[in-house]
Amino acid sequence: MTAALRDDFIPDAEPPALVVDELTTQIRVGRTWYDAVRGISFAVRPRETLALVGESGCGKSLTALSVMGLLPAGVGRVSGGRIVVDGVDMTAADEPTRESMRGDRIGMIFQEPMTSLNPVLPIGFQVAESLIQHRGLSKKAALNRARELLELVRVPAAASRLDAYPHQFSGGMRQRVMIALALACDPKVLIADEPTTALDVTIQAQVLALMADVQKREGLALLLITHNLGVVASVADRVMVMYGGDVVESGPVRAFFARPSHPYSEALLAAMPRIDGDTPLQPIAGQVPTLTQMPTGCRFATRCALRHDRCAELPPLTPVGDDPNHLVRCWARMSP
Amino acid sequence: MKRHIIAATAAAFLMGVALPASAESVLTVGMAAADIGQLDPHRATTTQDKPVVSWMFNGLVRFKPGSSSLEELEPDLAESWDKSADGLTWTFKLRKGVKFHGDWGEMTADDVVYSLKRAADSKTSSFASDYAAVAAIEAVDPSTVKIVLKQPIPALLGIVANYHGGNIVSKKAAEAIGPDFKTKPVGTGPFALVEYKSNESLTFVANKAYFRGAPKIDKIVYRFIPADASRDLAFTSGELDVVYGRQDQRWVERFKKEPNVVVEVVQPSELSLFHLNRAMKPLDDLRVRQAIAYAVDSKQMVAFKGAATALPPVSVIPTGYLGTDEKAKLYPFDPAKAKALLAEAGYPNGVAIKVLQTSLPTMLNSMQILQAQLKTVGIDLQMEVVDHQSWHAQIRKDLSGANYYSAARFPVADVYLKQFFHSSATVLKPTAVTNFSHCDVADKEIDEASVAVDPVKQKELWYIAQKKIIEDVCAVPLFEQLQVWARHTNVDYGYQFKGAIHLGPVITEATTKK
Amino acid sequence: MLRFVIKRLILAIPTLWAVLTTVFVLVRVVPGDPTIAILGDQASEGARAELRDKLGLSKPILAQYVDFMSQILTGDLGRSLSTNRPIADDVLAVLPYTIELTLAALVVGTVLGVPLGVLAAKNRNGFADWFARIFSLAGVSFPAFVSGILLLLVFAVELRWFPVISSANAADPVERLRALVLPALNLGLLMVAYVTRVTRSGMLKALSEDYVRTARAKGLPYRTVVWRHAFRNVLVPIVTVVGLYLGVLIGNAVLTEIVFNRPGIGKLIVTALNQRDYSLLQGLMVVSAFAIVLANILTDLTYGLVDPRVKTQ
Amino acid sequence: MSAPAPTAAAPRSSAFGRATRSGGLALGVLIVVASIAAAVAAPWIAPFDPNAQDVLLVLSPPDTVHPLGTDAFGRDVLSRILWGARISLYVGFVATLAGVVIGTVIGVVSGYYGGLVDRLVVAATDVLLSFPQLIMGLLLVAVLGASLTNLIIAIAVTAVPAFIRMARGSTMAMRERDFVDACRALGYSDMRIMFLHVLPNILDELVVMASLWLATAIRTESTLAFIGLSVPPPTSTWGGIVREGFDNLLDAPWMSIFPSLAILAVMIGLNLIGDGLRDATDPRSPQ
């Protein structure tokens, strides 16, 4: 029984564009491989937005890279589970197949717009490149399409800026270029890893709105990786909280915010600044243990106020209350 | 000048392209030097200069090709000559119809007079001192030249031979070309210079009007290849027909084994002398100088260099010169005696001698052997290594405690003795040449011998001079080295190559390449 | 761009002046003078003194300096003390050889060094990495005079692919090119190690950059990612090294020129120094220093081509 | 990431494998330390007196008695290489050290103060760089003669501009950083800021560059030997042996090749150290 199979949140569901099943990703430290993502499962349907939330080092970016097949060679590897993108099993596929999927049926936007674009290549070409690669367009046709894409993401005077270089663009504009780049081949799945973190607040909103707009228009399945619960609240359909490589809680956004159930989720919410601002911010005590020092059971145990003896054993994901879509991994919060 | 280079380059280009290689006979000669020294025959003194001068010029008489002996002089531009009974007046009858290279016309007595006067003038010649005894040179008629001497000299024919100052240049050319004559020499020889590329090569073409007949070789390319190994490889690969060989046993053996190669080891030899500075401590003490003489094992030196190319020294003058006397006994190798002498001189624990040394590898190598030999008797030869020109300059400023110097000279004892052992040649004097030891013990004999009319008396004086110099240990002879040249068998010089007064093979009208 | 070049050239004048003055002073501090080279070692001290007067070498050093500088200012390099040939002629005769050797060596160094560096970076700590690093170091560990002879022994004497005497058939363009191969290889080896090192570390850095991840996320084949995305960014340090070596090679060409029997500025400088041909040496040093200045300007201009962030104002 | 002893037992890999994966630095240190040890121990481990000539053994090829053959004077090449290591390594270390110290001090001062001082330094550096090294070496032999000291000077002189440039560049970058302003605000003297605050921050880079420059210095010695700038005989240096071997390269290639291999080994060692240090100070590199 996996979470993905139980997840039938949208009744008239199309088949999911992205299915991740029992994914385990390992990281090498010295000569030993450590589990950095432990058997996580989820699915994202077209037009749906799944937010992956957690502190840095919790494994959310690794999950994204695993899906893309972009784990740094020799340092990270997928050691178990299955990743299916638009019906293609990425884990079983060879590298050429994965290459043909990346940028075509699955796109990704990275956190750092300042460094994610190649400084020595013109913007237009960078957007056009995947069209030339996957669609076999001529350079001219691809550049023409790139201009349309840049217009789509509202880059002003797109036509005249095809030959411009990244350093001539502001951060927000660059992130728009990144979005255009990721969308170039009309992918089915888009992964956005902290797409707005590096941007000014006002720009953040614009970029988020743009993403949401494009997603609905293009029917994308969006996997949004963020540590910002405000962003989650505003754009996500569902949310999944990760800690130390485990999914500790997942569910529809509304249910999650209404009843955050894992102690870590609670702590995250408590640490989030609010507009009303009455309650003082509560930082989460302690730090995420390093990979080499992870507890074997519940990985949050070292920082958890509700810790008890059973926490030495990993709790299963169980429904919160009677909501089958809202799951939590905690002995203390498990429904009796 | 610029036009000249362009024209020459264009000519070379045309030759290279238009003429198939088989059509002309090109002789390529490889020389161990970075560049030519001087092409002006009256200035040419280095090993790389002398052979090419011999291809371009003639003297009144010439060394028989393949010989380095004064006994074998034969007519060249002069057909015949007479000398007066007192030996002071010489009359030369010139060959008629001899043409200079290019358009510089016929050689006449005027050219001979001009050339010999030029050779006698230190402003235009490096050999002026050879002509010190000449009182007058006159053209009697266009084909007769008279030379009058102040006093008899040991070998007058030697100074009018095709060697050093005796080479005859074109008066018109020398006057018209002026200072550029040094790169555009004009002579009467079998080959004429057409191109000089700095650091690279000299190209000569046959003088079709050569008075002994048109040369069979059409062109000579004389290449400067200073690196021994690459010169050897170019010879092995067939890119050189004739090559200057290393004065080294292993070199000779290696090339003797190669097919179609002839290695020729020829006279004259260069004598390596270790000049001891008698004006500087500790070599101002005869006993220390003698200790060095006893400590030197020239047999071992020869063994290091190899018996094929090196000879033990016989005197302080190279073997085979007119006046070299083997009776003047050298010190035997006797390290015990050396140590005893050192102790007697007050150095029982050894003594250090500071010497300046050139960084030229061949000379440095010889010094290393000497250094090791002297060390066994407790003499510490401390070398200060400087570059070659600095060394030349500094040893002439009397800055070195002793000095290793290797040289061949005109093969008459007089020249060697005067330049190296006569007090007038002592360094720092205006008349200085290469007397580094401040030797002055045989001035009287050297001077008397140079004006002696009786050859027996003359030889006797030279013998005494050598004996005195050896006894006073002005210099310790180390070893002699012969000249080594190799050619491919398809090259025939046209004579037996046994001696090379010009330090290299004379390429004549008879030389062929199949 | 023209203005940039002119400005740089003007800025280089003090450098050239300083080089010239330094050379002028140095060669006069050096013991020895041209008289031995011109007169030979049998000339008397008196004859040599006469020649010194004639060549103006016995004038006060300041007067000589003034003469020299005023001559240079008229654009005349003067005449060689030992051959009396105009120095400009000698320089022009060898300059093409120097230029072709230097450029060819740069090409060799780059063509060998860059792929080795990329290969090493792609296979970090793998066999290829070790091979590339050791091979490139072997290229510099053997001094040029030894490696040159070894190359000649194998390729010119045993295999007969190339001539031993590089300048023998200079009039024939094909032969001339053929003769250039071994010297260029030999001289180029000098810079392979450094180019490999810079390329490798640059590539290692570039391959870990975010934009490389972006490129991979586009589904580009790894080859394309490596060369189009990562490598393009390493061009700047590579150009820096290559530019630097342009100067280094001009100076280090001497050994290669000697071993392969090629004329060249470097070899001429050595000869001039060995003969104490002051005027020739000074003239050549001006040319050599000027060439290095030009090389620097060329390097800076190239930055503008390989990196859009650099503008050559 | 700091790595405590891993829990999973790592498979024992070969020495080479271990070294290549993470121990390049260790291997480099091993090579260099071994070379230094050989140099120091030369008097005890050299099989022969390096200067003992033997006319019967001239240029004899390698055999069991003379594993690396003999030279033109019948001297044992192995012994000469061992003894030569002393001079060659010494020259390399001292020349590099001199280059680093002089270059860095000038570079830091120049970069820190800027202005006229800086301009003069830059101009002087340009002039130095306009002299090709070999020409500089030739001039030095001509002016000063060939000696150990002059050899060191010739090599150090080429290192100085490189270190000036590096130190100057880093200092200029550092000067813009806040902590320098903070130091100034605290009233620290320029000297103190430059050498107690700026210098330690560029030290990493300096050490890496110095290790690589040392490799170059050891190699340069053989090139300079060719033009006559070496240590007076009979003292042996690696470059000197290579140079002497060149005269007999076609008869006795071992004379040039073995010392060249020694140079290669040390260069590899120093480059590994350089790379290792760079990796250690570069936060991007894995581990």
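How many residues of domain 1 of chain C are in contact with how many residues of domain 2 of chain C? The count is 15 residues of domain 1 against 12 of domain 2, with contact meaning C-beta atoms, placed from the backbone, within 7 Å. The model is predicted: local features need pLDDT of at least 70, side-chain atom pairs count only at pLDDT 80 or more, and totals for chains, interfaces and linings use all residues. Residues are numbered from 1 along each chain as its sequence is written, while chains are lettered from A and ligands numbered from 1 in the order in which they are written.

Domain 1 of chain C spans 2–73 and domain 2 spans 91–311; these bounds come from an automatic or database domain assignment. Helix α1 (residues 2–29) of chain C gives the largest share of domain 1's side of the contact, 10 residues. Helices here are DSSP runs (H or I, at least four residues), numbered from the N terminus. That side of domain 1 holds 11 nonpolar, 2 polar and 2 charged residues. Ala, Val, Leu, Ile, Met, Phe, Trp, Tyr, Cys and Pro count as nonpolar, Asp, Glu, Lys and Arg as charged, and the others, Gly among them, as polar.

Now the helix pairs. Helices α10 (residues 222–260) and α12 (residues 278–306) of chain C cross at roughly 170°, their axes coming within 9 Å. Axes are lines fitted to C-alpha atoms over the stretch in contact, and angles run from 0 to 180 degrees between N-to-C directions. So α10(C) is roughly antiparallel to α12(C), the term for angles over 145 degrees. Their contact includes C:Gly243 and C:Gly247 of α10(C) and C:Ala291 and C:Ala295 of α12(C).

Methods: Two residues are in contact if their C-beta atoms, placed from the backbone, lie within 7 Å. Helices (H or I, at least four residues) and strands (E, at least two) are DSSP runs, numbered from the N terminus. Angles under 35 degrees count as roughly parallel, over 145 as roughly antiparallel, 65 to 115 as roughly perpendicular and the rest as oblique.
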